[in-house]
Each structure stands twice: as structure tokens, then as C-alpha cells.
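Open the model in your viewer and keep the selection panel at hand. This tour goes stop by stop.

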Amino acid sequence: MAEVTKDLVIDTLRKVRGPDLEGDLISRNMVSDVFIADGKVYFSISVPSERAEELEPMRQAAERAVKAIPGVKGALVTLTADRKAGAAAATKPATAPSQSPGNSHAGHSHAGHSHGAQGGRAQKAGVPGVGAIIAVASGKGGVGKSTTAVNLALGLMANGLKVGLLDADIYGPSVPRLLKISGRPKQIDNRIIVPMENYGLKSMSIGYLVDEDAAMIWRGPMVQSAILQMLREVAWGELDVLIVDMPPGTGDAQLTMAQQVPLAGAVIVSTPQDLALIDARKGIAMFKKVEVPLLGIIENMSYFLAPDTGKRYDIFGHGGARAEAERIGVPFLGEVPLTMDIREKSDAGTPVVVADPNGAAAEVYKGIARQVWEQLAGRRARPAPNIVFE
Ligand SMILES: Nc1ncnc2c1ncn2[C@@H]1O[C@H](COP(=O)(O)OP(=O)(O)OP(=O)(O)O)[C@@H](O)[C@H]1O
């Protein structure tokens, strides 16, 4: 079979329309460098950050077009925020005039810093047998939050801890697929649900309980009670840590959830681009509001790791999350590379940490898991401070 070349990919992308159906991706100069390794094609498309969501179909069209090239075994296309070359990630983002992470992006009331203190953590009872509950959140969808949550949970297990995973994404549960679990959980005493288990990881998800479309029509209060039930009426047993895969975004629903679940800490997943970082700041502001300690930021799809040579390429403006974490004084927990392996293994329901436990990606997740655990331990050793950053 003919070898797939960069020129061939570029020619194909000339046929993919640009935003507003004007021109094509190449003539509009929107495509990053194209990498090809082992028949798989990787590149990113620059878009104005405010149009990212709306341009998702364009990303999909590009991915489809490239996958259709004879000889192409796979394509991984991401959107990146439109940032002119030269605006190094390490410098303060020129597009973000906000003064502090807590103010301008939260979209909620700015009235006073004591907000949320009354509804604060003290009132929330823990879950018997569960040592610590940690939320994995992201400001926006599609940054790889669920993939990170699952591999982080398995990474904690690989470090010798007893771990559970609660999928709090009622409208788009991904844990059943990521852990390749189907069927319904058992009930004991007509009330307590036995968590489902695969790879030694106990998990609970709305996807185990109702048919796919059923939860879509639920309203706020039903969603909340479902979450609390999955948290409290499940026979988790003794766990060192329960990871909660939060729903994406930072709206009121997420805020309520962050308020109701007795969280010991939160981890924010972000991609390197400004676009996701702005959203990450919203996530940080949200946890600050409900006084949940921020354990740190994980940068996902941070750099591209070529599968054949193992060489690292910083094609996505890598480093944005680390710089942002440093700027606002939040721990930086680590960088996860963009690899076809992570995507394919996730999609097949065999997360890399179990599929290839000694591989490079698994080591990355295990390292991040150690960082998370250390952050948590560090915070517990100190007499619970209310304000955890700034
Ligand atoms: N480091 C990575 N390398 C390659 N692909 C990745 C990586 N992280 C996540 N992905 C892929 O990106 C896609 C989105 O990931 P995931 O579903 O975890 O995101 P999410 O933020 O939880 O999304 P949503 O908000 O829609 O639930 C998936 O196809 C996943 O396999």
C-alpha cells in the first residue's frame, strides 16, 4: 500500500471547508504541522477560542477526510485556540485580561469572599469507609477528563491504594464504556447497590442503572438525588480514595454537586491551549467558592509522543497549564501526552494503566497519581486551611 505522506494529507485538507464555509483549512492557514507515524496522522487546527465549540463539526470533517485516505490507519485531530506564533505559553496569556482566577470568568455573583462559607464543608457528612473523595473536573467538555479520571483511579490502585470511581456525569456517563462494564448492579436489602467492578476498580455510574436516553430528560433535583444515591447508597466497602468523574463545565449543576459531595480535594484537567485554560480558571473559581481544596492541575494532550520513535513533539503549545498553575499558585500535577494508544485503549474499554501497565503512558498516570496522593496527604497533615491558594 502506498505510503501516507504529509503532502497527501495536506491535499486532502484542501477539500475541507473552513469556518463559515469559506475557503479551505489549508488556504486559510489553520492547520498545524502534520505528523505521521505508523500510518496514523496527527495535527491540530487553530480556531478562534470563542468559536471552538461551534467548529467541532469542522474538526470531525477533517478527521473523517484524513481517515478516508487509503493507507491511513487512524487520525487524531484537535482544535487549538487561535494564538499567533511568538506568544510563548510561558508568558502571561495576552488574551486573558482577568485579574484573578476568582473574579471575571465565574459568571456568578462577585459578592464577597465569604460566599459559600455557610453552605461549607463542615456540614457534609463523609461516606463511611471511604477515606477521601476527590473530584476530577474540567471547565469544558472534551478535554479528556473521564479518560484522566479512570487512569488516575487505576494509577492510585497501582500505587497500592484501595480505590473506587463514581461517574457523576449523569447526562453523558462514560465510565461503563471506559471500563468495559455492562449489565445491572445487584442490590442488597432492596436498597444498597453493589458497585460494579472491573480491573479491581469498583465503580458506579448512572449508565449501569438506567437506559442511555432515560437520564437525558431528568431535571436538576433528580440528578442531584441520583448522584447522592450513587455516593451514599452503594456498598463501597473500605476505600482509601473515591474518585468522582464530575460532569464537564462549571454551571450551577456542577456547583451544587461540588457543594453536596464531601470532597477532600479537586483536580482540574486542562488541555494546553488558552481556550481550555480559561475554562480551567472557571473550574478553579468554582471549587474555591465551595471551599474545596484544589489539589492541582493536570495538563492533558500536552505533547505528542511519536509511537515509533518515542520522540516528544510540543505541537500543541504545550506548557500552558504549568505556566498558569505557577501563576496562580496551584500545584501542577503533571502532563499526559497525546497518544493514539491512550485514545484507542480508552475507547476499547481497556485503559492504558491496565492494558500496558509498564508503558510510558501508564508511568505518567502513576506518577500523577502519586502527586495527587501527596498533595492530599500534605493538606491533611496541616490543620485544614480554608484558603488553599493565592
Ligand atoms: N492523552 C490523550 N491522548 C489521546 N486521546 C485522548 C487523551 N485523553 C483523552 N483522549 C481522547 O479524547 C476523547 C475525549 O476524552 P474524554 O471522553 O475522556 O473527555 P471528557 O473531557 O471526559 O469529555 P466529556 O466532557 O465529553 O465527558 C476520547 O476519545 C479520548 O479517548
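A residue is buried if 20 or more other C-beta atoms lie within 10 Å of its own, exposed if 12 or fewer, and partly exposed in between. On that count, buried residues make up 46% of the 390 residues in the protein. Keep in mind that this is a predicted model.

**Whole chain**

Colour by secondary structure. The protein has 12 helices and 15 strands. Of the contacts with a separation of 6 or more, 77% are between residues 24 or more positions apart.

**Two domains**

Select 6-81 for domain 1, then 121-381 for domain 2. The centres of domain 1 and domain 2 are separated by 29 Å.

**The open sheet**

Eight of them, 8 strands in an open sheet, follow the order S8-S9-S5-S10-S4-S11-S12-S15. The pairing is mixed. Go to the edges: strand S8 (196-198) and strand S15 (332-335) each pair on one side only. From one strand to the next, the twist averages 25 degrees.

Zoom in on S4 and strand S10 (residues 239-245). The two run parallel and are joined by 6 bridges. Strands of a sheet pair through backbone hydrogen bonds, either parallel or antiparallel. Which residue of S10 stands opposite Val136? Asp245 does.

**The annotated loop**

Pick Gly142. This residue lies in the loop between strand S4 (130-137) and helix H3 (145-158). Gly142 counts as partly exposed because it has 16 C-beta neighbours inside 10 Å.

Move to Gly144, in the loop between S4 and H3. Is Gly144 buried or exposed? Gly144 has 22 other C-beta atoms within 10 Å, and the cut-off for buried is 20 or more, so Gly144 is buried.

**The ligand shell**

Next, select what lies around the ligand. How many residues surround the ligand? There are 21, and the closest are Gly141, Gly144, Ser146, Thr147 and Arg343.

Colour the helices next. H3 and helix H10 (340-347) each supply at least two residues of the shell around the ligand. H10 gives the most, with 4 residues.

Finish with the backbone angles. Most residues other than glycine have a negative phi, and most peptide bonds are trans.

Select Leu21. Its phi is near 60 degrees, a positive value in a residue other than glycine. Leu21 sits in the loop between helix H1 (6-13) and strand S1 (35-37). Leu21 has 8 other C-beta atoms within 10 Å, so Leu21 is exposed.

Then select Tyr199. Tyr199 is not a glycine, yet its phi is positive, at about 55 degrees. Look for Tyr199 in the loop between S8 and strand S9 (201-205).

Definitions and conventions
Residues are numbered from 1 along each chain as its sequence is written. This is a predicted model: local features need pLDDT of at least 70, side-chain atom pairs count only at pLDDT 80 or more; totals for chains, interfaces and linings use all residues. Domain bounds come from an automatic or database domain assignment. Two residues are in contact if their C-beta atoms, placed from the backbone, lie within 7 Å. Two strands pair if DSSP finds at least two bridges between them. Axes are lines fitted to C-alpha atoms, for helices over the stretch in contact, and angles run from 0 to 180 degrees between N-to-C directions. A residue is near a molecule or strand if its C-beta atom, placed from the backbone, lies within 6 Å of it.
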